[in-house]
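This report looks at how side chains pack and pair in one protein chain. Please keep the sequence and the 3D view open while reading.

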Amino acid sequence: MTAPERSLRADARRNRESVLDAAGELFARRGDNVQMDEIAARAGLGVGTLYRHFADKRALRAAIVGRRFEAVTSLARAAEELSDPWAAFETLLFGYLESAEPDAAFRFAILSPEEPSWGDIEAEKNAFAGSVERIVQRAVDAGVLRADFRASDFVLITRGAMANMSGNGDWRRHLALQLEGIRSRAE
């Protein structure tokens, strides 16, 4: 549960979730052309209720990203427990992307030219980023990932794969090709 959700009453939490679900559906279908009043109507709420939770679409996109980060942080922590550094890296990479594949609203929020309002989901972002950093560094230190690979490269690879998820893109094939290029051969 994100920080703003923890302090909400049960009815306010339900309203927030309804808005996120409605926004997710509409963003997934129509991208940023969706208007806030349409999202409120889809959620069965007044536009004032929507604005009490989210100041604008940027904050709404951040909440969608925060929801997904909460889910993948659990996956990342489990991957950190794997003894094989390459297996940990692959588990995180594929798990993150496989969770993003059916979530078009998340992909839209991540790939949007306007960054989400990261300040709204700082804790969720930092928790996930910390796991990514540790997994990447362990794989580099073990010599199974290129020595010049950084956590920021993880972000670039995942964004590229997400961009290939819509349409006819075979993101798994492209990702396999990328993995061949980043895996260290100094074994």
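Which side chain meets that of Arg67 in a salt bridge? The partner is Asp21, with 2.7 Å from N to O, where a salt bridge is a side-chain nitrogen of Lys or Arg within 4 Å of a carboxyl oxygen of Asp or Glu. This is a predicted model, in which local features need pLDDT of at least 70 and side-chain atom pairs count only at pLDDT 80 or more, while totals for chains, interfaces and linings use all residues. Residues are numbered from 1 along each chain as its sequence is written, and side-chain values use heavy atoms, with hydrogens and water left out.

**Salt bridges**

The structure holds 11 salt bridges. The pair of Arg67 in helix 5 and Asp21 in helix 2 links distant parts of the chain, 46 residues apart; helices here are DSSP runs of H or I with at least four residues, numbered from the N terminus. Glu17 joins Asp21 and Arg67 in a network of salt bridges. Arg67 counts as partly exposed because its relative accessibility is 26%, and Asp21 is likewise partly exposed at 42% (buried means under 20% relative accessible area, exposed over 50%, partly exposed in between, with a 1.4 Å probe and protein chains only).

| Pair | N to O distance |
|---|---|
| Arg67 and Asp21 | 2.7 Å |
| Asp103 and Arg68 | 2.7 Å |
| Glu101 and Arg172 | 3.2 Å |

Asp103, in the loop between helix 6 and helix 7, lies 35 residues from Arg68 in helix 5. Asp103 counts as buried at 16% relative accessibility, and Arg68 counts as buried at 18%. Glu101, also in the loop between helix 6 and helix 7, is 71 residues away in the chain from Arg172 in helix 10; Glu101 is partly exposed at 30%, as is Arg172 at 37%.

**The nonpolar core**

The largest nonpolar core has 57 residues, of which Ile39, Phe89 and Tyr96 touch the most other members. Such a core is a set of buried Ala, Val, Leu, Ile, Met, Phe, Trp, Tyr and Cys residues joined through side-chain atoms within 4.5 Å. Among the elements that give two or more residues to this core are helix 2 (10-30), helix 3 (36-43), helix 6 (85-100) and helix 10 (171-182), while helix 5 gives the most, with 10 residues. Leaving aside residues up to four places away in sequence, Ile39 touches Val19, Ala22, Ala23, Leu26, Phe27, Val34, Leu50 and Leu60, contact meaning heavy atoms within 4.5 Å.
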